[in-house]
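This briefing gathers points on packing, strand pairing and the lining of a pocket. Please read it alongside the sequence and the coordinates shown below.

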Amino acid sequence: WQNLVLLDGMWVYQPFHILGFFSSFPSEILQQVDIYAGGYTSQYGGRISSVIDVKSRNGDKRDYAGTASVAPFVSGFTLEGPIADDVVSFLVSYRESVIDKGAARIVDDELPFAFDDFFAKTHAFINANTQLSLSLLRTNDRGSVFEGNDLEEPQSIAWENRSASARYLVFPRAFPIMAE
């Protein structure tokens, strides 16, 4: 509750998926992570415990690249590349839990959870001293707490993150500063 997690300025209310083993965003998109255990400025609001400020990287503005992974728990892909060479790029990532599909066959029973996440970012050099980036994050988590019986209804839990951010950077020519 008292920890604040930010991704490109977007508040991520549940930064881990349902079992707590997987982050709501993959490591392939990360550029920088700042962790403040105390002594942080008021820009982070009234949190009293800690702040984890995550910045995603920009997509490659010259070449297309991608990764894909198929694993017993989580599978996904990451794609990046130029939209306009050396000017505009994109970065897209999607992951989905797959343990419920494979392990359900092995144990011959449905597993009580599933999750997925999607991240997209576009970055552009507007001119020599101006940059713009747009980021989107969507996460879904669903799980069964109690499967129910003759006396009680099934109980489940679910949560989502839906966030968007825009970042506009200006490096004025007249002053040696940066405005964000």
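This is a predicted model: local features need pLDDT of at least 70, side-chain atom pairs count only at pLDDT 80 or more; totals for chains, interfaces and linings use all residues.

Strands, as named here, are DSSP runs of E of at least two residues, numbered from the N terminus.

**The largest pocket**
- The largest pocket holds about 310 Å³ of space, and among the 17 residues that line it, Asp8, Gly9, Asp53, Lys55 and Glu180 lie nearest its centre.
- Sorted by class, the lining of this pocket consists of 6 charged, 6 polar and 5 nonpolar residues.
- At least two lining residues come from each of β1 (3–7), β4 (50–56), β9 (130–146) and β10 (155–170), and the strand that gives the most is β10, with 3 residues.

**Paired strands**
- Strand β8, which covers residues 113–127, pairs with β9 in the antiparallel sense over 14 bridges, and the two strands form a hairpin in which 2 residues lie between them.
- β9 also runs antiparallel to β10, to which it is joined by 16 bridges.

**Nonpolar cores**
- The largest nonpolar core has 10 residues in all, namely Val5, Leu7, Met10, Val12, Phe25, Ile29, Val54, Leu91, Phe119 and Leu137.
- Apart from this core lies another, of 6 residues, which include Ile18, Val74, Ile99 and Phe115.
- Phe25, a member of the largest core, touches Val5, Leu7, Val12, Leu30, Val54 and Arg95 when residues up to four places away in sequence are not counted.

**Asp53**
- Asp53 is found in strand β4 and is one of the residues that lie nearest the centre of the largest pocket.
- Is Asp53 buried or exposed? Its relative accessibility is 7%, and because buried means under 20%, Asp53 counts as buried.
- With neighbours within four places in sequence left aside, Asp53 is in contact with Leu6, Gln32, Val33, Asp34, Tyr36 and Tyr44.
- Asp53 and Leu151 are separated by 98 residues in sequence and, from C-alpha to C-alpha, by 46 Å in space.

Note on methods. Residues are numbered from 1 along each chain as its sequence is written. Side-chain values use heavy atoms; hydrogens and water are left out. A nonpolar core is a set of buried Ala, Val, Leu, Ile, Met, Phe, Trp, Tyr and Cys residues joined through side-chain atoms within 4.5 Å. Buried means under 20% relative accessible area, exposed over 50%, partly exposed in between (1.4 Å probe, protein chains only). Contact means heavy atoms within 4.5 Å. On a 1 Å grid over the protein atoms alone, a cavity is a set of points where a 1.4 Å probe fits but cannot get out, and a pocket is an open set with protein on both sides within 12 Å along at least five of seven lines; lining residues have an atom within 4 Å of a point. Grid points are joined across faces, edges and corners, and a volume is the space filled by probe spheres set on the points. Helices (H or I, at least four residues) and strands (E, at least two) are DSSP runs, numbered from the N terminus. Ala, Val, Leu, Ile, Met, Phe, Trp, Tyr, Cys and Pro count as nonpolar, Asp, Glu, Lys and Arg as charged, and the others, Gly among them, as polar. Two strands pair if DSSP finds at least two bridges between them.
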